[in-house]
Amino acid sequence: MTTTITFGIQKGGVGKTLTSGVTAYLLSEAGYKVLCVDMDSQGNLTQFISGIDDLSEFENETVLEAIKEQDARPYIKGISENLHLLPSDDYLATIGQFLYQEYDGNRSLALHHTLEPVHKFYDFIIIDTPPALSEQTINALSTSTHVVIMFETSKFCYSAVPRFIDTVLTTKERLNPDLEIAGILRTLADAKRVDSQAMIQLIENEYPNYVFDTVIHRRATTGRLPIYGLVNNSESNQAFSYHKSFVKELMDRVRSEKTNQ
Ligand SMILES: Nc1ncnc2c1ncn2[C@@H]1O[C@H](COP(=O)(O)OP(=O)(O)O)[C@@H](O)[C@H]1O
Ligand SMILES: [Mg+2]
């Protein structure tokens, strides 16, 4: 069975794209078949995974067209043998208009029906989302078995977490009973800042069962991954080290749930 993991929070600049991209890459390197789905019209995951900056290369061949056809298959790009991508570009911003005016069915399940034909090909589907509780995010949650809640150690992000959890629980209740919170991932932590350390502790006190033990710290080599790329990156040992430990924890959580079922 495919494990589908959404990375989300209604905040930008918190590491959703970088973390979802690195997670997908590390899983593919571990031998799993992985599909990345870019649900953000900014197309950053598309750029990060493909190494192609110019999104016009993907015009008319994106997740938007896949949703319109209700079939991902014609639009999936092979990046490596194990890593595939369903790209996005700016036009994904029109998805709401399409879903409200033309889509015949439950508009929150449009992505789910689009991905159903490819479930059998993948061990993992990893979905990156925009910084908003938009149709894209609801569609991502509605087709996921798990969600990783991204928590950048700041006040604004702190206030976003309970509202995001409410959205996840409402989606689970109304649309997708299989959805589970894999955990809250603390990112972009700054060891030199007292306020960052306080936020790390605060979120742990409030959600002790949800937080991952791994805290992803701000690190120059990690921040440079979108510049130097995921493959043949001479800094990759350092750049990936926090994420490797996170992915191990994530796999333990996802797998233990499966064996408990
Ligand atoms: N652990 C990290 N250390 C340093 N820079 C990071 C780290 N994680 C993400 N970044 C950088 O922070 C910026 C925002 O990350 P991004 O993944 O684009 O966030 P989001 O998708 O939530 O908007 C990017 O420039 C990215 O390279
Ligand atoms: Mg992003």
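Tyr 210 is partly exposed, with a relative accessible area of 27%, where buried means under 20% relative accessible area, exposed over 50% and partly exposed in between, for a 1.4 Å probe and protein chains only. Tyr 207, at 15% relative accessibility, counts as buried. This is a predicted model, in which local features need pLDDT of at least 70 and side-chain atom pairs count only at pLDDT 80 or more, while totals for chains, interfaces and linings use all residues. Residues are numbered from 1 along each chain as its sequence is written, chains are lettered from A and ligands numbered from 1 in the order in which they are written, and side-chain values use heavy atoms, with hydrogens and water left out.

## Aromatic pairs

The structure holds six aromatic pairs, a pair being two rings of Phe, Tyr or Trp (its six-membered ring) with centres within 6.5 Å, called stacked if the planes are under 30 degrees apart, edge-to-face if over 60 and tilted for the rest. One of them joins Tyr 32 and Phe 124, whose ring centres are 5.0 Å apart with the planes at 90°, so the pair is edge-to-face. Because Tyr 32 lies in the loop between helix 1 (16-29) and strand 2 while Phe 124 lies in strand 5, this pair ties together parts that are 92 residues apart in sequence. Tyr 32, at 23% relative accessibility, counts as partly exposed, whereas Phe 124, at 6%, counts as buried. The rings of Tyr 207 and Tyr 210 have their centres 6.3 Å apart and their planes at 20°, so that pair is stacked.

Ring pairs also link Phe 7, Phe 212 and Phe 246 into a cluster. Over the face of Phe 212 lies Arg 253, at 4.2 Å from the ring centre; a charge sits over a ring if NZ of Lys or CZ of Arg is within 6 Å of the ring centre and within 35 degrees of the ring normal.

## The sheet

Helices (H or I, at least four residues) and strands (E, at least two) are DSSP runs, numbered from the N terminus, and two strands pair if DSSP finds at least two bridges between them. Eight strands form an open sheet in the order 3-4-2-5-1-6-7-8, with mixed pairing. Strand 3 (77-78) and strand 8 (211-217) stand at the edges with a single partner strand each, so one side of each is left without a neighbour in the sheet.

Strand 1 (residues 3-8) has six of its six residues buried, with Thr 3, Ile 5 and Phe 7 on one side and Thr 4, Thr 6 and Gly 8 on the other. Strand 1 runs parallel to strand 5 (residues 124-128), joined by five bridges, and pairs in the parallel sense with strand 6 (residues 146-152) over four bridges. Ile 5 has Ile 126 as its bridge partner in strand 5 and stands opposite His 146 in strand 6.

## Nonpolar cores

A nonpolar core is a set of buried Ala, Val, Leu, Ile, Met, Phe, Trp, Tyr and Cys residues joined through side-chain atoms within 4.5 Å. In the largest core, of 52 residues, Ile 9, Val 148, Phe 246 and Leu 250 touch the most other members. Apart from this core lies another, of 24 residues, among them Val 63, Ile 95, Ile 125 and Ile 127.
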